[in-house]
Every structure is written in C-alpha cells, then in structure tokens.
Amino acid sequence: MPSPAASSATSTSTRLPVSTVARYAIGSIGTQQFVYRVEPDGSAKQVRVTLGARRTGEVEITAGLEEGQQVVTDGLVRMRDGIKVLVKAPAPAPAAPAG
C-alpha cells in the first residue's frame, strides 16, 4: 500500500496569521475539523484546527497549525496517528513564457 502524501501549509496575506491547506486535507468528526500533521520523524499526528475563509480548493487554518508545517493531503481516509507518510516535493512552478 503506498504511503500517503503530504504538503506544506503556506502563509496567506490576511489580517491574522493563518496557513492555507488544500480543502481535501481537512477531515471532520462531528463538528470538529482536523488535519494530519507530519511530525519530524515522518509520522502523522491528528491535530484539531480552526477553519477560516474558504476559497476554491483551499481553506485557511486560523488555529492548530503553524506556517510551514506539513499536512497529509492524500489517503486521509486510511490515515491514523503514527503512520509514516511519504513527503512529496511540490510541483515546480510553470516556466515563464519566452518573450
């Protein structure tokens, strides 16, 4: 079974310090939302988060994550605390058109 993937939370420009994650990285149990944060040893840990603004494909996290922390973005349904995850490098930015 392949290891779940992870990506970094990124800072956004709003009035409060927030992070933004992919919408599909957010899980919920009842009224509580969570993400699986990637720990320094490469394992996943479920952490509760507070959601802010929602935009197409992404959600602001106003509490529960710090900028730069990595979260699981694939395989959330199979994820449990302590499972090791494969951290994938972000896709390179498209090249600027020659001109």
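A salt bridge is a side-chain nitrogen of Lys or Arg within 4 Å of a carboxyl oxygen of Asp or Glu. By this rule the protein has 4 salt bridges. The model is predicted, so local features need pLDDT of at least 70 and side-chain atom pairs count only at pLDDT 80 or more, while totals for chains, interfaces and linings use all residues. Residues are numbered from 1 along each chain as its sequence is written, and side-chain values use heavy atoms, with hydrogens and water left out.

**Overall make-up**

- The protein has 0 helices and 9 strands; helices (H or I, at least four residues) and strands (E, at least two) are DSSP runs, numbered from the N terminus.
- Along the sequence the pattern reads β-β-β-β-β-β-β-β-β.
- Of the 99 residues, 34% count as buried, where buried means under 20% relative accessible area, exposed over 50%, and partly exposed in between (1.4 Å probe, protein chains only).
- The accessible surface comes to about 6500 Å², and 54% of this surface belongs to carbon and sulfur atoms; the areas come from the Shrake-Rupley method with a 1.4 Å probe, and for residues only the protein chains shown count as cover.
- Among contacts with a separation of 6 or more, 63% are between residues 24 or more positions apart; contact means heavy atoms within 4.5 Å.

**Strand pairing and hairpins**

- Strand 5 and strand 6 pair in the antiparallel sense over 6 bridges; two strands pair if DSSP finds at least two bridges between them.
- Gln33 has Val49 of strand 6 as its bridge partner.
- The hairpin of strand 5 and strand 6 has 5 residues between the strands, and Gly42 in the turn has a positive phi of about 85°.
- Strand 6 also runs antiparallel to strand 7 (residues 58-63), with 4 bridges joining them.
- Arg54 stands opposite Val59 in strand 7.
- Strand 6 and strand 7 form a hairpin with 2 residues between the strands, where Gly57 takes a positive phi near 80°.

**Nonpolar cores**

- The largest nonpolar core has 11 residues in all: Val21, Ala25, Ile26, Val35, Val47, Val49, Leu51, Val59, Ile61, Leu65 and Val71. A nonpolar core is a set of buried Ala, Val, Leu, Ile, Met, Phe, Trp, Tyr and Cys residues joined through side-chain atoms within 4.5 Å.
- Strand 6 and strand 7 each supply at least two residues of this core, and strand 6 gives the most, with 3 residues.
- Leaving aside neighbours within four places in sequence, Leu51 is in contact with Ile26, Gln33, Val59, Glu60, Ile61 and Thr62.
- Another core, of 7 residues, lies apart from the largest one and includes Phe34, Val72, Met79 and Val85.

**Salt bridges**

- Side chains of opposite charge can pair when their charged atoms come close.
- Arg37 forms a salt bridge with Glu39, with the closest N and O atoms 2.7 Å apart. Arg37 is buried, with a relative accessible area of 16%, whereas Glu39 is partly exposed, at 22%.
- Asp41 forms a salt bridge with Lys84, with the closest N and O atoms 3.8 Å apart. Asp41 lies in the loop between strand 5 (32-38) and strand 6 (44-55) and Lys84 in the loop between strand 8 (70-72) and strand 9 (86-87), so the pair ties together parts that are 43 residues apart in sequence. Lys84 is partly exposed, with a relative accessible area of 46%.
- Arg55 forms a salt bridge with Glu58, with the closest N and O atoms 3.3 Å apart. Arg55 is partly exposed, at 35% relative accessible area, and Glu58 is partly exposed, at 31%.
- A network of salt bridges links Arg55, Glu58 and Glu60.
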